[in-house]
Amino acid sequence: MSYERKKILVLGAGYAGLSTVAKLQKIIGVQEADITLINKNEYHYESTWLHETAAGSMNWEEGVYPIAKVVDNMKTRFIPAEVTKINRDEQTVETTQGVFEFDTLVVALGFESESFGIKGMDEFATTIVSPQTAVETREEIEKNFINYKTSKDPKDLSILVGGAGFTGVEFLGELVETLPVLCKAHGIDYNNVKITCVEAMPSMLPMFSDELTKHAVDFLEARGVEFMLGTAITAANENGFVVKVNDEEKQLEASSVVWTAGVRGSRLMEESFEGVKRGRIVVKEDLTIDGYPNIFAIGDVAAVMNGTGENARPYPTTAQIAMQLGEHTAKNIKLQLNGEKTEGFEYDDKGTVCSLGANDGVGVVLGREIKGKSAAFMKKVIDTRAVLKIGGIVLGATKGKFL
Ligand code: NAD
């Protein structure tokens with residue numbers, strides 16, 4: 001009897017892809033399948049820590065670890081390469097390091113910044129979507145603060161943050177901690193710093209109660225952040241943002257302009273599949289793509305629906321759900337290898353915490369509202385748990401947040 005090992009190809013080593021591989025390595029025998037993981041960098045980065053790098057409270061190296069530390073060479077081959085094309089019917093994937101065949105494909109290519117076609121945004125604003133863009137954001141702020149010493153132009157001490165979603169708020173929380181330090185180092189009076197956050201919706205952090213949102217707003221306002229809610233950004237230029245207030249356009253001036261108001265799934269999704277919106281494809285309950293029982297889409301490239309019918313809404317794309325999707329995908333692949341039926345995904349929502357710097361935050365954990373120091377502590381637990389779950393005890397001990 002001829003016996004051929006199945007080829008499992010995993011694209012992307014973010015929370016979803018790496019969780020898939022980590023789980024597959026535990027439940028699949030060497031003889032059962034060949035696992036290949038393709039990722040454009042040789043390292044995994046904690047995308048939920050990027051706001052810390054962008055604000056200067058963490059070096060980018062602290063939030064990354066080599067993928068090799070997670071890969072079991074007996075079971076998995078890791079290829080550092082960029083995916084350029086997915087041929088779903090031919091069952092091949094083209095990359096900068098050649099073409100790979102698959103029997104089972106896991107698409108976990110993650111997120112990118114989305115500027116919704118707003119004029120000048122890609123050109124004039126920095127983002128917080130990768131270690132590189134986070135470092136760019138930090139360097140831009142630092143450069144402008146240093147410029148201020150000679151220019152004395154208030155614009156150089158002004159920072160505009162577009163969007164008051166989780167990324168924007170967590171970034172602001174770090175900024176109000178690190179900017180006073182930066183000012184001190186350069187002999188700048190922090191009172192001259194102007195931080196403005198512009199949000200299109202009339203309120204922010206809609207997933208939290210009024211009390212928690214108020215805590216976050218009060219915390220940030222007390223440290224100098226000004227919020228402009230119900231204000232849509234319509235353009236970016238060399239002077240800052242153009243916003244719309246009461247149907248009138250207004251120029252907001254700042255040298256440092258950061259866009260945290262939009263993310264989308266990988267652009268490769270539109271090129272590879274049909275029915276993709278903003279890089280996300282609706283997946284079936286077992287996380288496969290309709291008509292392709294051998295292709296799973298997970299993490300930020302997937303719209304995993306909560307509920308059915310007209311009321312169904314996609315779950316938000318978080319690290320927590322991405323890791324659960326990865327583990328579930330590994331279990332379903334194992335079932336398929338055994339010739340058994342795949343199972344539907346059920347999300348176990350353990351809660352969410354939005355940090356406000358290192359020592360404060362707001363959140364809901366296991367159904368309980370928390371704020372202040374306990375929220376900051378829980379955030380560290382969540383961050384450390386992510387490293388532990390994927391990388392095991394050794395990485396947890398070196399990269400965790402309780403060192
Ligand atoms: P988001 O889409 O959640 O928030 C973007 C914000 O920008 C929204 O409030 C939106 O109204 C606003 N906006 C959009 N266009 C605008 C415009 N033209 N002018 C002004 N404001 C505009 O994006 P995000 O914060 O990057 O989060 C992405 C996902 O990642 C979410 O699902 C989030 O829950 C998750 N996340 C979670 C955490 C955490 O758990 N701590 C941290 C970061 C991100």
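How many salt bridges are there between domain 1 and domain 2? The count is 0. The structure is a predicted model, and the contact between its two domains is described here without any such pair.

Domain 1 brings 16 residues to the contact, and domain 2 brings 18 residues.

Together, domain 1 and domain 2 bury about 1300 Å². Carbon and sulfur atoms account for 68% of that area. On the side of domain 1, the greatest losses of area to domain 2 fall on His51, Ala54 and Ala55. These residues together make up 40% of what domain 1 buries.

Polar contacts are present between domain 1 and domain 2, although salt bridges number 0. Here 6 residue pairs are in polar contact, with both residues at pLDDT 80 or more. Three elements of domain 1 each supply at least two residues to the side that touches domain 2: strand 3 (43-45), helix 2 (50-55) and strand 10 (111-113). Helix 2 gives the most, with 6 residues. By class, the side of domain 1 that touches domain 2 holds 8 nonpolar, 6 polar and 2 charged residues.

Note on methods:
Residues numbered from 1 in each chain as written. Predicted model: local features only at pLDDT ≥ 70, side-chain atom pairs only at ≥ 80, totals over all residues. Heavy atoms only, no water. Contact = heavy atoms within 4.5 Å. Buried area = accessible area lost by both parts, 1.4 Å probe. Salt bridge = Lys/Arg side-chain N within 4 Å of Asp/Glu carboxyl O. Polar contact = N/O pair within 3.5 Å; in protein donor to acceptor, adjacent residues only side chain to side chain. Helix = DSSP H or I, 4+ residues; strand = E, 2+ residues; numbered from the N terminus. Nonpolar A, V, L, I, M, F, W, Y, C, P; charged D, E, K, R; others polar.
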